[in-house]
2 protein chains.
Amino acid sequence: MSARHISASKLEAVNKLRRRSVLAGAGGLVSGAALMGLASAQTPPQVPDDPTKVQGRPASELGDRSSFEAPRRVPSATSSLTPLDLLNGIITPSDVHYERHHAGVPLIDPRRYTLTLHGMVDRQTVFTLDDLKRFPSMSRIMFLECSGNSGSGWTKGPPTGTAQTLHGLTSTSDWTGVLVSTLMNEVAVQPGAKWVLAEGEDAAVLSRSVPIDKILDDAFIAYGQNGEALRPEQGYPARLMLPGWEGNINVKWLRRLKFGDQPFETREETSKYTDPMPDGSARQFTFAMEAKSTITWPTARIGVMPAEGPWEIRGIAWSGRGRITRVEVSTDGGQTWADARLVDPVLPMAHTRFLFPWTWSSAEAILTSRATDETGYVQPSRQDLVSVRGTGSIYHYNGQQNWRVAADGTISNYYAA
Amino acid sequence: MSARHISASKLEAVNKLRRRSVLAGAGGLVSGAALMGLASAQTPPQVPDDPTKVQGRPASELGDRSSFEAPRRVPSATSSLTPLDLLNGIITPSDVHYERHHAGVPLIDPRRYTLTLHGMVDRQTVFTLDDLKRFPSMSRIMFLECSGNSGSGWTKGPPTGTAQTLHGLTSTSDWTGVLVSTLMNEVAVQPGAKWVLAEGEDAAVLSRSVPIDKILDDAFIAYGQNGEALRPEQGYPARLMLPGWEGNINVKWLRRLKFGDQPFETREETSKYTDPMPDGSARQFTFAMEAKSTITWPTARIGVMPAEGPWEIRGIAWSGRGRITRVEVSTDGGQTWADARLVDPVLPMAHTRFLFPWTWSSAEAILTSRATDETGYVQPSRQDLVSVRGTGSIYHYNGQQNWRVAADGTISNYYAA
């Protein structure tokens, strides 16, 4: 490690609060490198030479980040990507949760918000937000992932990108709400109902068909996110949650659920969110997001390895089918694998962190991770995925991510030959 | 429940996107009440009559709360209180994590930050922040609680207050960092070392003595909080974490750990953070925060019950000794108790949510919760606590919290006779 051992006399100076002048004079103890996500402030704050000599700022109503830290989403007009390679937890801070919307983020007054349950029910009902909050509640830590996440993996050459720009359309939150099955008891759903139309109140009037088995199993209406109200970009004041299923079908700004006996064949499940296959057919209603993982450090984000020696490879894995049971890491492009350590708590359908010790010796290395979930499914290599699915889709890519560390330390996205 | 059943013809109108005009005309479907934490915006935004007819705002680098939601800490000069009664998760959003500091929040440049390990060690060492991040890492979801939290419980009459103002000096985060034991391997701590002085770089130069057994057991240096960098009010760029122990000893802005063979008897463990007892003695080094719980809904926060009928009592419990194993709720001031439902995941030394069904019938009720932890310890009533400890302390209060619901629905803090 690069920690410096210092003499007792210098240490004494530390204790006398003359730390900075002494240590700075002791030969470059100050690290100027932004090693792991440290952002340069736009306007560097005036930092006191000795913080112990200056009264700090008082307490406040709302805290804020250090001016030296600036995790930011990468936005386009219709989506924004979570900085996975700057984060180190399993819960994504709400203000950097990914966004994806088809007609922007609507502004909805929670006092006027209603959710209507109708169709094949005996008692059509309009619920206010207060109604939803009054029912017996539940909470669940789970990921969401846009089915287009990692979609650049379908392209021929390896695209330039970071863990954020390649895979940042996924985030995990602690969601709170009410089970849809609880609401179904209120409206008395009829026996013949097999599908449910979920419709949003955005300008896309986004709508999807959901099989009733999933609705009965674990679907819920979320009004809470990470302890507070749902954020506007994630569907404020309430949205549908379908644990493990592609983001799009977790309809945001949810205004109605219509019960029917067949799928409603909406635009979002015919022209979009289907997978053209090599034989000319198309996969439809491919809801569950399969196991995926990516290393988040070291990646192209840092550009180049800071130094030789011992490091910790870090990343995240997740599966829409349940718990992650294993993550393996390869440093030689998949020739050999070894188990990474999983960080507790390992929760079903939630981002799971993995850690793996590695020593870099200025030789080329191809760093890859592969996740296994509780169904036994193993995240495939890109070649294996493409051999089955072709390259005609833009959705549901979950091939292994390779990061090539060149002998000079340069890091880039990499496709195996 | 208060949900409204509507006719099929009205429903059809909903489907034709003329929802608001029809439903508003259908007799007050709009709820004007701020039932559960809905805040009035300072300047109400211009909400479109029909959000589906207006393009929403585009994606952004950083998200923000709905302008209708305003969870805020209650600040004094030296602390701020988490709005427990507005939250519904186990992780506290970082910007409403409670604050408590003795000389304000210092501004520290992470590029100049160092942590020194010295004293009874063979290799005194100065670690930079990058050094700390390079070591094998760990994460832990755990609460912090100021030992002065709930301290108004020691006063004679029941103070006016909410769950936030009475108990808001506790929060839970997902912390990431490096075990102190990992750093100890680097510096080779000598066999005779029994205590460790932890010192902060704030203007209070806050310092505390920590038994080495705790340091070896589970102490860590946190540089991450809820997935991102530690927040300034919680010790940016790095702090000591001692799972389950009173907040003050989890020294923020940590600049050194000195290993010695006896406690250092600092100001914060002699004049403060000790408990005067009825017999004239004082308890010192009372580190672990005992099991506590409070109902967070309904409480004085909402002022008055919104209506008769079925409701869900909600709250949080936590213990510095491990997992919460049971929370019981009483609605008759402790005469009878019944088990509440605990919300998964139930993690050691982390806030744990509990839920309890209750029907209010416009009769007086005294709502109380009591937590049991995995050691078998049961949160005491105020009377039982005071009978042992007297009322001379201002720290370590963990008596049961009673909320009195009067027959007219008014809710207030309440001491049993």
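Author: In this predicted model, the C-alpha centres of domain 1 and domain 2 of chain A are 27 Å apart. Domain 1 of chain A covers 79–283, and domain 2 covers 292–414. The two domains touch. On the domain 1 side of chain A, 31 residues are in contact with 31 residues of domain 2 of chain A.

Which elements of domain 1 of chain A give two or more residues to the side that touches domain 2 of chain A? There are strand S7 (138–145), helix H4 (163–167), strand S8 (170–179) and strand S15 (275–276), each of chain A. H4(A) gives the largest share of that side, with four residues. By residue type, the domain 1 side of chain A holds 16 nonpolar, 13 polar and two charged residues.

Now look at the core. The largest nonpolar core has 162 residues. Ile221(A), Ala238(A), Ile221(B) and Ala238(B) touch the most other members. Take Ile221(A). Leaving out residues up to four places away in sequence, Ile221(A) touches Leu115(A), Leu132(A), Gly177(A), Val178(A), Val180(A), Ala238(A), Leu240(A) and Leu254(A). In soluble globular proteins, nonpolar side chains tend to be buried together.

Next, the second chain. The same surface serves both copies, as 100% of the contact residues of chain B recur in chain A.

How many residues of chain B are in contact with chain A? The count is 113 residues of chain B, against 113 residues of chain A. The chain B side that touches chain A splits into 50 nonpolar, 33 polar and 30 charged residues.

Last, some strand pairing in chain B. Strand S19 (residues 324–330) of chain B runs antiparallel to strand S23 (residues 365–373) of chain B, and six bridges join them. Here Val327(B) stands opposite Ala371(B) in S23(B). S19(B) also pairs with strand S20 (residues 338–339) of chain B. That pairing is antiparallel and has two bridges. In this case Glu328(B) stands opposite Asp339(B) in S20(B).

Notes:
Residues numbered from 1 in each chain as written. Chains lettered and ligands numbered in written order. Predicted model: local features only at pLDDT ≥ 70, side-chain atom pairs only at ≥ 80, totals over all residues. Contact = placed C-beta atoms within 7 Å. Core = buried A, V, L, I, M, F, W, Y, C linked by C-beta atoms within 7 Å. Buried ≥ 20, exposed ≤ 12 C-beta atoms within 10 Å, placed from the backbone. Nonpolar A, V, L, I, M, F, W, Y, C, P; charged D, E, K, R; others polar. Domains from an automatic or database assignment. Pairing = 2+ DSSP bridges.
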